[in-house]
Every structure is written in C-alpha cells, then in structure tokens.
Amino acid sequence: MIWRPSLRRVARTNLDRFMAGHRDYDSLWRWSIENRDEFWTAIWRFCGVKASHTYTAVTEPAEGVRQVSWFPGARLNFAENLLRYNDDSPAIIAWNESGQRRAFTHHELHQQVSRFAQALQASGVSAGDRVAAWLPNIPETVIAMLATASLGAIWSSCSPDFGVQGVLDRFGQIEPKILIAADGVQYNGKRLDTLTKLAAIVRGLPTLRLTIVVTLDDPHPDLTAIPHALRWQDEIAFYAPKPLVFAQLPFEHPLYILYSSGTTGLPKCMVHGAGGTLIQHLKEHVLHTDVKPNDRVFYHTTCGWMMWNWLVSVLATGACVILYDGSPVHPRQDVLWDMAAASGVTIFGTSAKYLMLMQKAELSPRSTHDLSALRTVLSTGSPLPVESWEYIYSNIHPDIQVSSISGGTDIISCFALGNPVGPVYRGEIQVRGLGMRVEVFNDEGQPVTGQKGELVCHPPFPSMPLYFWNDPGEAKYRAAYFERFPGVWRHGDWAELTARGGVIISGRSDTTLNPGGVRIGTAEIYRQVDQIDEVLESLVIGHTIDNDVQIVLFVKLRPGVELDDELKRRICLSIREGTSPHHVPRYVFQVSDLPRTVSGKLSEVAVRDMIQGRPVTNANALANPESLADFERLRF
C-alpha cells in the first residue's frame, strides 16, 4: 500500500454518503451487480438526473446484443443535465500553450449555447442530424456540442491532428449536415493554417449544408475556397441569448458518434446514447472521482479522444472544467503544472506517457508550484508503471489519491477506476466500476483471480453502444466484442484481478507475446525498459522466427544517444531482473520514432504488420505514418 485516505477525508466523500448500509466497497460493488435495477435507480436519484418524464421501469427485455432497453418512458436532454447550473460560478477555464486564458461562468455558458443552438436550428438542424467538428480543445467546441445536444442532434468530433483522409474516413460514413472547424491550430510554438485541408474535407463531404469556421487569431480569414462557409463570430453575434429550449427525448436517443482507431480498415462508428452516457459519467464523476461543485477538473486530451467527452460531463456536477490546447511540454516541460497552479486544479488527469516523461526529465512540480489545491491525479491511456506511482507521491503531492483508470471509446467510460474511500496500491487500478460485472477469463472462459487473462464484462450496462453506424444485423457489433465469449463483452485487455479486488492491466490481448508458449503482456516489458534513463519510449512485438515467437524490442532514445552493446545489455538485464528470462528480447533496435494512432496510443499492430511483410491496412489511422520507414528497412 502506498496511500490511504484519512478518516476525515473519507467522511467528506460522496461515495461514503452513497454507501451507507454497506460495510465496504466490495460489498457495495457486489450489491450493485446483483441488484442491477435497484442500483441504477439509486444512481439516478443520488446524482439528480434531470428528466421531464420519469421512467416506467429501469430495464425491459430487448432483442440484440444490448439485451435490454434502459429507463423506458423517460424523457430527458443531455445538454440540460450538463447546464443545470446557471449562476456566476466558473464553468470553463481555458488555456493554450502561450499562456492565454479565457473563462466562462455557468451563466455565460448558457448564453453562448443559446446563441449557437439558434444558429444551428436556423440552418435546419433537428433531432437525429449529425453535426461534425474538426476542432481543437477550446471553449467553442464545448459550446457547439452542448448546442447540438440541446436540439437532439448527434455530435461527432475529430482533433485537428487528424489528416484529411483520416477525417473523411470518419465523417464520410456519418454524412453530417454541419461541419465546424478552426482556421488553424497552435502546437509546439508553431501556428499551422488548416484552411487548405478544411477545403479538401468539405469537398469530400457532399451532405454538408454549412461550414462554420472558428477564427483563432485572424478575425477575417479568406474563406472563399470553402463553399457555404461562415465565421463562428458572425453566427453567434446574429442571435441574442434567450432561455434554452431542450428537446425532450428518450433515454436511448443517440448523442455521440465515436470511432475505433481504424488500424484494421475503416474506423467503426460507435453510437452512444444520451442517457447511458450521462448516468455512467455521473456515477464515475460523483462516486469514483468524488467531484463536487467547487472542484476544478482538468484532463489533458484532444477532441478526438473519449476523455474529452468524459471531461465535459463534469459540468453536470457544477464543477469547473479546465481545458488546455497545445503541446503539454511547450514552452516548458512543466507548462501543465503552471496551468494547474494558476487555476487551482483539484483533479488533474493525464496519460501514463506524460507522467513517465516528467519522471525522466526529473521534474518535481511540488517543489516549483503551489499544488495545495490538488486532491487527485488520474492516469489513463496505457498502464501506469510502478515507478510512476512512486514519482507522483514523491514529486507531485504526498497526500493525494492516484487513480489509474481503464475503459475505452467503446463504452465511453471505465471498467476499472478509483475508489476515494479505499487504499491505493502500486501498479493496481483500485476497483472495478460499480454496476459493472467485470471479470478476468482464462482461455476456457472461466473467471480467475491472481492469473492473467481476458478482461470481460457481463452485459447489460447502460453505456454500451446503442449500435454501430451502418451495421445491419449488428454483425460488426457482435464481432467486435462477443465472438470470443458468446454473450459476454470481451474488451481486448490482458489483465489480472487481484485478491483484494484491484485490476492490473498488462496491455492489449491482441498484442500479447507468446515466446516458448509463455503468454506475456507488453506492459510487463515496458515497465522495465522505462526505467532506463536513455530510453524515451519503447515498443515491443512478437515475430515468428524458426517456428517460435521471438520478442523484438524497438527503442527511441534521448537525442545524441546511440544504442551500443552496453546499453543493450543494461536494457535486457533490467527486463530479466524485473520479470523473467522469457521476457528478454532476442533483438533490440533503435528507431527515430514510434508510430502512434491519432489518439496517441502506440501502434504495435502497425509495426508487427510492417516487420512481417504485411501491408499496414490503414496508415491514415496513424498520426505519424512516416515513422514506419525505419521499420521497413529492418532485416532479421
């Protein structure tokens, strides 16, 4: 155990109030999965879901992979729940890498959403229409999403780091009526114009009626190459704020379309419902993250990652959302901590990769910044190495909850996450989510504890996708999650359930290694390699040689460092001593960069295909496809 909350802290948590009558978290979790309808009713009431019509039942049987319909009879609006506060307390504080700050109160947010909703309505947007956004992480993105949801239209967003084909691969499938985009982006000290790319995107989306352009610094950009384009500022200014009218819609009305990574073909379009997203996010924010109205919640994300959707839902608690647009390490490596200190951030969310970079740079934010308001650090995107837990408590804050969380775009939420009333153990996600019957299955489909296997979740749960876009008969939906274990959601994570109820993620199960018949999660190797100072990042694959799987390790090193025999020896020794001889790679190669998807995740599959001479099926899913050139030249 590395940390435990004080009794005083526990007594102030939302979860402590909710679990009255239960002796501990484990008994509450078991009650939540054994009494499904009673549990979700309690969440609805405790979190104050706002609805114009109440439900006639919590669930009723339904055909298809979802098995049930949730809260039939209820009528609500997602945006109305996020805009339930309308006062002068802060709703959004937005920063960029240049240190520019903008702020909106809840009342000001209402006004801006009202104006843009009127603009959308005047453009013919109604319930079920798709509004697409190619935007950075700025307040206008939140405003546009809320306006879209207020009308019952469906929101879908991509980050500007998606290239033209990557955007068209996604938005082209859903046929949007409106596109919202920025005229440029700022990243790593550079201002990049995006209007040429935007013109190409608009030409590839024949269903568009209107393109709305957010101008970041040039008040009058040349939009002549973009058909039917208007400036955001003009659209907003044309309408005076008036009380919002929220379309009252069924609980399972579609809200968001999110996308798979697209590494094995066109991205799958996952449609998420308004009610399921809302109630799952409320549960996770209020109970698992202990968000309260006076909190200031930050998550470093782009609008192409589900963590953006997760972050924005914090508005429903009355807390303030902190946005950041730009590089997390420019103009200084500790720029996010400048922002956190200046904003009084209480809950700081980031990726495991970022925390490892901070650790390798030997930064100590607790020594250089006032982080007295900080209460929780969240980490996701990949498993958080054991050493990073030590780093956080030694160099960021000694008395906070470190909450590693794991879920996915597929469920727009989490399977395993934090427990603000329980202890934190190094290398473990604290608990399985309430209402989520998560288990680890062995190859025979039997639940196991203390052994690695497939992370699964027994349906139903409310944040399952409503459906996949253009998926007649649910063929893609079933193939994605239910083929391996019929009737049980297989998520694709290689995991272990500990005896105390924690979860350890060892990587993706489709990238597990099998040298000599021993199955190994890639995260087990990454944890050891990350301890080598000279290594910035690493990627590992299995490659079949002489009828056996051999481990091949690729490393990106610090500038000026070359991979010599001594460094190879130290890398292999660290892996051997920290894991086992089976984990030691047969080959270690230095590369200039490692391929990542546009959502920032290492693409082991792309490297494996390249090394094995197979075509990389969708290089458009990569943020840096040029990085594959190093791998193409390698020979074994």
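A disulfide is counted here as a pair of cysteine sulfur atoms within 2.5 Å. By that criterion the structure holds zero disulfides. This is a predicted model, in which local features need pLDDT of at least 70 and side-chain atom pairs count only at pLDDT 80 or more, while totals for chains, interfaces and linings use all residues. Residues are numbered from 1 along each chain as its sequence is written, and side-chain values use heavy atoms, with hydrogens and water left out.

Two cysteines illustrate the point. The sulfur of C414 has its closest cysteine sulfur in C457, 12 Å away, which is too far for a bond. For the sulfur of C457, the closest cysteine sulfur is in turn that of C414, at 12 Å. C414 is buried, with a relative accessible area of 3%, and C457 is buried at 0%. Buried means under 20% relative accessible area, exposed means over 50%, and partly exposed is in between (1.4 Å probe, protein chains only).

Helix α11 covers residues 274–288. Helices (H or I, at least four residues) and strands (E, at least two) are DSSP runs, numbered from the N terminus. The 15 residues of α11 reach 20 Å from first C-alpha to last, close to the 21 Å expected; the expected span is 1.5 Å times one less than the number of residues. Because 15 of the 15 residues of α11 are buried, this helix is largely enclosed by the rest of the structure. Just after α11, D290 takes a positive phi of about 60 degrees.

One partner of α11 is helix α4 (residues 36–47), which packs against it at an angle of about 70 degrees, with the axes 10 Å apart. Axes are lines fitted to C-alpha atoms, for helices over the stretch in contact, and angles run from 0 to 180 degrees between N-to-C directions. The two helices are therefore roughly perpendicular, a label for angles of 65 to 115 degrees. On the α4 side the contact includes F39, W40 and W44, and on the α11 side it includes I279, K283 and V286. Contact means heavy atoms within 4.5 Å.

D129 lies in the loop between α6 (106–122) and β7 (130–134) and is buried at 15% relative accessibility. Not counting residues up to four places away in sequence, D129 touches G124, A153, I154 and K177. P90 belongs to strand β5 (residues 90–96) and is partly exposed at 30%. Leaving aside neighbours within four places in sequence, the contacts of P90 include F104, R296 and C320.

Definitions and conventions: Angles under 35 degrees count as roughly parallel, over 145 as roughly antiparallel, 65 to 115 as roughly perpendicular and the rest as oblique.
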